[in-house]
Amino acid sequence: MVRRSWFIVAVLAALFAGCGPVPASRPSTADVVPVGTSSRQLTSDGRTRSYLVHRPATPPPVGGYPLVVMLHGGLGSAAQAERSYGWDALADQQGFVVVYPDGIDRTWNAGSCCGRAQRDDVDDVAFLSAMVTTLEQQLAIDPRRRFVTGMSNGAMMSYRLACQTTLFAAFAPVAGTQLSDCDNAAPASLLAIHGADDDTVRLDGRPGSGSVHVVGPALASVLDGWRRRDSCPSFTTLVDGAVTTRTTACPEHRTVTWIIVADAGHQWPGSTARSYPGADSPSDAVDATTTIWSFFVQHPAR
């Protein structure tokens, strides 16, 4: 009987050799990040930071969910961005995750702008990087399909992420300009959307109206910098009514595109109403959200 007991012990030891300790039970991803919108927090640079995550009901595709980071404008918020720009409905339809982070005092430190985040030198690059890393620990996220977009100050922050990280495959700033050091940026696909009559963030780089008086490089020079960084040929131009599109196809399937909307001010084209104080009434000449998603779909990391 003793010999038989030792035999059973030996068999069990062989079966479990190399398996390591049995881990404590972990919640499923459905429990960690449920379907629909949920509020999350993390600590970054000694601050408690908040963000909303919207997960579609569809299971992750092979490789994981695509991820879109949507950065609100100055004076906006995560909740406002979720309400205003139509990303949730598109995420449910197309099967991707969208995350809406909150800036400090409704602002982002995009370099030389804006508000409290810039004055206090908040490390928003670290926060947003940690947020993406945390999401990847909680959900199946496709590392080749991480994207970022933003409005106004959020657009400026998206440029900073393009310049100073390699987290994202493609970027889509709306109504913003580049206000951070970009000398060491890696090549990336970029789509910029801007109103021709935007007086808050002017196309020509002159001081804008509003409380911030944004001064930045002319958008043409910003986009040309990305064209050269991506080793692209000259832009081609297509005019379709109120919409002028300048684009260039680059090596490794990258693209640099900018869309200028005539008679449009400081706004997110295609949204249903003025999205927050300081924004203009939106143009209906372009649906920025579906245009951006279409661009992202075509430009995963290579």
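**Helix packing and sheet order**

User: Which residues of α7 meet Asp124, Val125 and Leu128 in α6?

Analyst: This is a predicted model in which local features need pLDDT of at least 70 and side-chain atom pairs count only at pLDDT 80 or more, while totals for chains, interfaces and linings use all residues. Residues are numbered from 1 along each chain as its sequence is written, and side-chain values use heavy atoms, without hydrogens and water. Helices (DSSP H or I, at least four residues) and strands (E, at least two) are numbered from the N terminus. With contact taken as heavy atoms within 4.5 Å, the three α6 residues meet Met157, Arg160, Leu161 and Gln164.

User: How many residues of the contact of α6 with α7 are nonpolar?

Analyst: Ala, Val, Leu, Ile, Met, Phe, Trp, Tyr, Cys and Pro count as nonpolar, Asp, Glu, Lys and Arg as charged, and the others, Gly among them, as polar. The contact of α6 with α7 holds 2 charged residues and 1 polar, and its nonpolar residues number 4.

User: Are α6 and α7 roughly parallel or roughly perpendicular?

Analyst: The axes (lines fitted to C-alpha atoms, for helices over the stretch in contact; angles from 0 to 180 degrees between N-to-C directions) of α6 (residues 124-138) and α7 (residues 153-164) come within 11 Å and cross at roughly 80°. Angles under 35 degrees count as roughly parallel, over 145 as roughly antiparallel, 65 to 115 as roughly perpendicular and the rest as oblique. The relation of α6 to α7 is therefore roughly perpendicular.

User: Which strands stand at the edges of the sheet?

Analyst: The open sheet of 10 strands runs β1-β2-β4-β3-β5-β6-β7-β10-β9-β8, with mixed pairing. Two strands pair if DSSP finds at least two bridges between them. Each edge strand has a single partner, so one side of it is left without a neighbour in the sheet; the two are β1 (36-44) and β8 (236-240).

User: What is the bridge partner of valine 69 in β4?

Analyst: Strands β3 (residues 65-71) and β4 (residues 97-101) pair in the parallel sense, over 3 bridges. Within β4, the partner of valine 69 is valine 99.

User: What angle does the direction of α6 make with that of β2?

Analyst: α6 packs on the sheet and touches β1, β2 (47-55), β3, β4 and β5 (141-151). Its direction and that of β2 make about 45°.

User: What angle does the direction of α7 make with that of β5?

Analyst: α7 also packs on the sheet, where it touches β3, β5, β6 (170-174) and β7 (189-195). Between the directions of α7 and β5 the angle is about 140°.
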